[in-house]
Amino acid sequence: MSNLLKELTPLLIVAAMSRSLAFYRDQLGFRITQDWSPDGRLAWCRLERDGVALMLQQACDEDGPAAGRGWGVMFYFSCADASAEYERLQASGVNVAPPEVAFYGMNQLVVTDPDGYELCFQNPVAV
């Protein structure tokens, strides 16, 4: 059987596109690679950084209430050094606690985006 799957790209419904872009692009370092702007307002975009992608979409009435939208979902980014990512994020103005090593040997930096989605940047360490 051949490998037909190539990518998983989460779509995050966001309350304020400008606020989310300020976080993902300006603080986390993602760049816009595709966008859709009906009526001149950005409604959707694909962001990429270091071979990782995600999409943002401006919430609308059909998306329902924002409460609990990201509940139970956490996004894990494998990285070379979560501690270095911590330093980089702090320097870009992200208010984040230092990474911690989980009992199973992963150095993990947890960040919450403006809409409450949880992101974990992690790298393996010896325990």
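Begin with the largest pocket, whose volume is about 160 Å³. Select G70, W71, D115, G116 and Y117, the closest to its centre among the 15 residues that line it. A pocket here is an open set of points on a 1 Å grid over the protein atoms alone, where a 1.4 Å probe fits and protein lies on both sides within 12 Å along at least five of seven lines; lining residues have an atom within 4 Å of a point. The volume is the space filled by probe spheres set on the points, which are joined across faces, edges and corners. The lining comprises seven nonpolar, four polar and four charged residues. In this count Ala, Val, Leu, Ile, Met, Phe, Trp, Tyr, Cys and Pro are nonpolar, Asp, Glu, Lys and Arg are charged, and the others, Gly among them, are polar.

The model is predicted: local features need pLDDT of at least 70 and side-chain atom pairs pLDDT 80 or more, whereas totals for chains, interfaces and linings use all residues. Residues are numbered from 1 along each chain as its sequence is written, and side-chain values use heavy atoms, with hydrogens and water left out.

Next, select strand β4 (residues 52-58) and strand β1 (residues 11-14), which run parallel and are joined by four bridges. Strands are DSSP runs of E of at least two residues, helices are runs of H or I of at least four, and both are numbered from the N terminus; two strands pair if DSSP finds at least two bridges between them. V14 has Q58 of β4 as its bridge partner. C45 has L56 as its bridge partner in β4. Two residues lie between the strands of this hairpin, where D50 takes a positive phi near 50 degrees.

Move to N107, in strand β7 (residues 106-112). Is N107 buried or exposed? N107 counts as buried because its relative accessibility is 8%, buried being under 20% relative accessible area, exposed over 50% and partly exposed in between (1.4 Å probe, protein chains only). Its side chain makes a polar contact with the side chain of S83 at 3.2 Å. A polar contact is a pair of N or O atoms within 3.5 Å; within protein, one must be able to donate a hydrogen and the other to accept it, and residues adjacent in sequence count only if both atoms are side-chain atoms.

Finally, select S92, in the loop between α2 (82-91) and β6 (100-101). S92 is partly exposed, at 25% relative accessible area. Its side chain reaches the backbone oxygen of L89 at 3.0 Å.
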